[in-house]
Amino acid sequence: MLILIKKWTKALSIIALPLMLLACGDKTVEVAHLAVKIESGDECHLCGMLIIQFGGPKGEIFNKRTTKAKKFCSTRDLFSYYLQPENTRQIQQIFVHDMAQTPWDKPNDEHFIDAKTAWYVKDHNQRGSMGATLASFSNKQDAQTFAHEFGGSLITFAQIDFDLLANL
Ligand code: ZN
Ligand code: CU1
């Protein structure tokens with residue numbers, strides 16, 4: 001009988017250990033999200049505008065420990081939100097449209113790309129929901145082609161700050 005109980009406790013501890021690890025791990029695990037579609041009623045998380053009523057690249061943000069995307073009417077509003085330090089800390093993933101793959105006036109949500117590795121064109125003459133905005137591209141060559149056609153210059157994710165946004 002004693003042997004049986006001992007066997008049981010051993011078996012239990014074997015089962016319990018991975019479960020505990022799983023439970024602890026759960027809080028820190030960072031799930032990779034895929035960009036989601038912008039629906040007809042979706043409002044910009046920053047300015048409240050209906051997102052699909054306007055052209056230009058849009059943005060999406062997934063925070064750590066949440067599954068719901070925050071959606072933005074423009075790359076301009078996306079970065080205004082992202083750059084606030086209390087937000088930057090919470091953010092796990094950011095997406096922007098690849099404007100080489102989709103028309104400016106009606107971006108297709110199948111062409112969301114990782115914002116952190118994207119190339120951006122500032123000071124071009126195309127307008128987004130909030131006026132001047134950053135055009136986003138997955139490919140440097142495409143960003144150059146866009147700048148050639150619509151003006152502006154190339155920057156990377158790391159070069160985007162509040163100063164730059166204010167002077168678009
Ligand atoms: Zn907005
Ligand atoms: Cu807006």
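**Figure 1. Strand S1 and its burial in the predicted model.** Five of the five residues of S1 are buried, so this strand is largely enclosed by the rest of the structure; buried here means under 20% relative accessible area, while exposed means over 50% and partly exposed lies in between, with a 1.4 Å probe and protein chains only. Helices (H or I, at least four residues) and strands (E, at least two) are DSSP runs, numbered from the N terminus. In a regular strand the side chains alternate between the two faces of the sheet. Both faces of S1 are covered, with Gly59, Ile61 and Asn63 buried on one side and Glu60 and Phe62 buried on the other. This is a predicted model, in which local features need pLDDT of at least 70 and side-chain atom pairs count only at pLDDT 80 or more, whereas totals for chains, interfaces and linings use all residues. Residues are numbered from 1 along each chain as its sequence is written, chains are lettered from A and ligands numbered from 1 in the order in which they are written, and side-chain values use heavy atoms, with hydrogens and water left out.

**Figure 2. The strand partners of S1.** Two strands are said to pair if DSSP finds at least two bridges between them. S1 pairs with strand S2 (residues 70–72) in the antiparallel sense over three bridges, and within this pairing Lys70 of S2 is the bridge partner of Ile61. The two strands form a hairpin with six residues between them, and Arg65 in the turn has a positive phi of about 65 degrees. S1 also runs antiparallel to S3, to which five bridges join it, and there Gly59 stands opposite Val96.

**Figure 3. Gly59 within strand S1.** Gly59 is found in strand S1 and counts as buried, at 0% relative accessibility. Contact means heavy atoms within 4.5 Å. Leaving aside neighbours within four places in sequence, Gly59 is in contact with Lys70, Lys71, Phe72, Leu78, Phe95 and Phe112. From C-alpha to C-alpha, Gly59 and Lys70 are 8.3 Å apart in space, and they are 11 residues apart in sequence.

**Figure 4. Helix H2.** Seven of the eight residues of helix H2 (residues 75–82) are buried, so this helix is largely enclosed by the rest of the structure. The buried residues of H2 are Thr75, Asp77, Leu78, Phe79, Ser80, Tyr81 and Tyr82, and Leu78 is also one of the residues in contact with Gly59.

**Figure 5. Asp42 in a loop.** Asp42 has its place in the loop between helix H1 (2–28) and strand S1 (59–63), and at 18% relative accessibility this residue counts as buried. A polar contact is a pair of N or O atoms within 3.5 Å, where within protein one must be able to donate a hydrogen and the other to accept it, and where residues adjacent in sequence count only if both atoms are side-chain atoms. The side chain of Asp42 makes such a contact with the side chain of Lys71 (2.5 Å) and reaches the backbone nitrogen of Glu39 at 2.7 Å. Not counting residues up to four places away in sequence, Asp42 touches Lys37, Met49, Leu50, Ile51 and Lys71.

**Figure 6. Thr102 in the loop between strands S3 and S4**. Thr102 lies between strand S3 (91–97) and strand S4 (112–114), and is buried, with a relative accessible area of 6%. A polar atom of the Thr102 side chain lies 2.5 Å from the backbone nitrogen of Asn108. When residues up to four places away in sequence are not counted, Thr102 touches Pro107, Asn108 and His111.

**Figure 7. Strand S5 and two partners.** Strand S5 (residues 119–122) pairs with strand S8 (residues 135–137) in the antiparallel sense over three bridges, and is joined by four bridges to strand S9 (residues 153–156), again running antiparallel. Val121 stands opposite Ala135 in S8 and opposite Leu154 in S9.

**Figure 8. The chain as a whole.** The secondary structure of the chain comes to five helices and nine strands. Of the 168 residues of the chain, 39% count as buried. Among contacts between residues at least 6 apart in sequence, 61% join residues at least 24 apart.
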